[in-house]
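Colleague: I am new to this one. Could you take me through it step by step?

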Amino acid sequence: MKNSSYEKTLNRRFNQLIKNNVICNAYNEIQNNYIKNNTIDEVYIDSTDIQNINCNKNDTYKSFKLHKQAMRLSIIADKNRIPLTYSIHPAYNNDSYLGFELAKTLKLNDNKEHYLVGDKGYYMNKLKKDYLLKNNKLKLLVPKKKYKKNTKSTQVHHSAHMKQL
């Protein structure tokens with residue numbers, strides 16, 4: 001079925017709005033107003049891979065080729081599931097690297113500490129944690145890695161606060 005002239009006009013206008021950064025600027029303005037007008041206690045981070053549907057289905061399941069057919073979308077959201085910041089990268093980047101880069105861009109206006117909760121893929125070293133706490137007032141909370149070389153037990157004990165979050 002051919003596109004009608006109405007659909008072509010809408011598509012052309014939408015592309016013009018994107019090209020002139022109108023949609024991006026409007027989204028940023030809405031986001032900034034939300035951060036100013038709402039109390040934000042904890043923020044959550046997660047990533048997902050978005051596959052290109054035009055690729056061969058047999059190749060999309062092979063992890064070594066995934067970066068050619070997919071992109072990784074990382075989002076930091078508050079407890080109301082409102083995205084506060086996001087980034088899009090090639091799928092071969094790991095969560096720890098992307099999480100740190102994304103968390104550096106999050107600027108909350110109040111001067112209190114906020115918890116940044118993520119899964120164990122967002123585990124970061126002490127330098128990165130200290131950087132986020134000092135510059136962005138984000139205290140990273142991720143589960144401990146379950147299997148470490150030096151531990152004999154595979155059972156992990158989390159703090160009560162971590163279990164609650």
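Colleague: Is R72 buried or exposed?

Modeller: This is a predicted model, and in it R72 is buried, at a relative accessible area of 13%.

Colleague: With which residue does R72 form a salt bridge?

Modeller: R72 forms a salt bridge with D49, and the closest N and O atoms are 2.8 Å apart. R72 belongs to strand β2 (residues 70-78) and D49 to strand β1 (residues 42-51), so the pair ties together parts that are 23 residues apart in sequence. D49 is partly exposed, with a relative accessible area of 29%.

Colleague: Which residues are linked with R72 in a network of salt bridges?

Modeller: D49, R72 and D95 are linked in such a network. The side chains of D95 and R72 also make a polar contact at 3.4 Å.

Colleague: Where does D95 lie, and is D95 buried or exposed?

Modeller: D95 lies in helix α5. D95 is buried, with a relative accessible area of 18%.

Colleague: What is D95 in contact with, leaving aside neighbours within four places in sequence?

Modeller: With that exclusion, D95 is in contact with S47, R72, G121 and Y122.

Colleague: How many salt bridges does the structure hold?

Modeller: The structure holds four salt bridges. Among them is the pair E101 and K104, whose closest N and O atoms are 3.5 Å apart. Both residues are in helix α5 (residues 95-105), three residues apart, about one turn of the helix.

Colleague: How accessible are E101 and K104?

Modeller: E101 is partly exposed, at a relative accessible area of 29%. K104 is partly exposed as well, at 26%.

Colleague: Which residue meets K126 in a salt bridge?

Modeller: The side chain of K126 meets that of D130, at 3.4 Å from N to O. K126 and D130 are four residues apart in helix α6 (residues 126-136), a separation of about one helical turn. K126 counts as exposed, with 61% relative accessibility, whereas D130 is partly exposed at 36%.

Colleague: Changing topic to helix α2: how many residues has it, and how far does it reach?

Modeller: Helix α2 (residues 22-37) has 16 residues and reaches 23 Å from its first C-alpha to its last. That is close to the 22 Å expected at 1.5 Å a residue.

Colleague: Which residues of α2 are buried?

Modeller: In α2, the residues Q31, Y34 and I35 are buried. Seen down the axis of α2, the buried residues fall within an arc of 95 degrees, so they line one face of the helix.

Colleague: What covers them, and which residues are exposed on the other side?

Modeller: The cover over the buried residues of α2 includes β2 and β3 (83-90). On the other side of α2, I30, K36 and N37 are exposed.

Colleague: Now the strands. In which sense do β1 and β2 pair?

Modeller: β1 and β2 pair in the antiparallel sense, over nine bridges. One example is I50, whose bridge partner in β2 is M71.

Colleague: How many bridges join β1 to β4?

Modeller: Three bridges join β1 to strand β4 (residues 114-117), and these two strands run parallel. Y44 stands opposite V117 in β4.

Conventions:
Residues are numbered from 1 along each chain as its sequence is written. This is a predicted model: local features need pLDDT of at least 70, side-chain atom pairs count only at pLDDT 80 or more; totals for chains, interfaces and linings use all residues. Side-chain values use heavy atoms; hydrogens and water are left out. Buried means under 20% relative accessible area, exposed over 50%, partly exposed in between (1.4 Å probe, protein chains only). A polar contact is a pair of N or O atoms within 3.5 Å; within protein, one must be able to donate a hydrogen and the other to accept it, and residues adjacent in sequence count only if both atoms are side-chain atoms. Contact means heavy atoms within 4.5 Å. The expected span of a helix is 1.5 Å times one less than its number of residues. The arc is that of the directions from the helix axis to the C-beta atoms. Two strands pair if DSSP finds at least two bridges between them.
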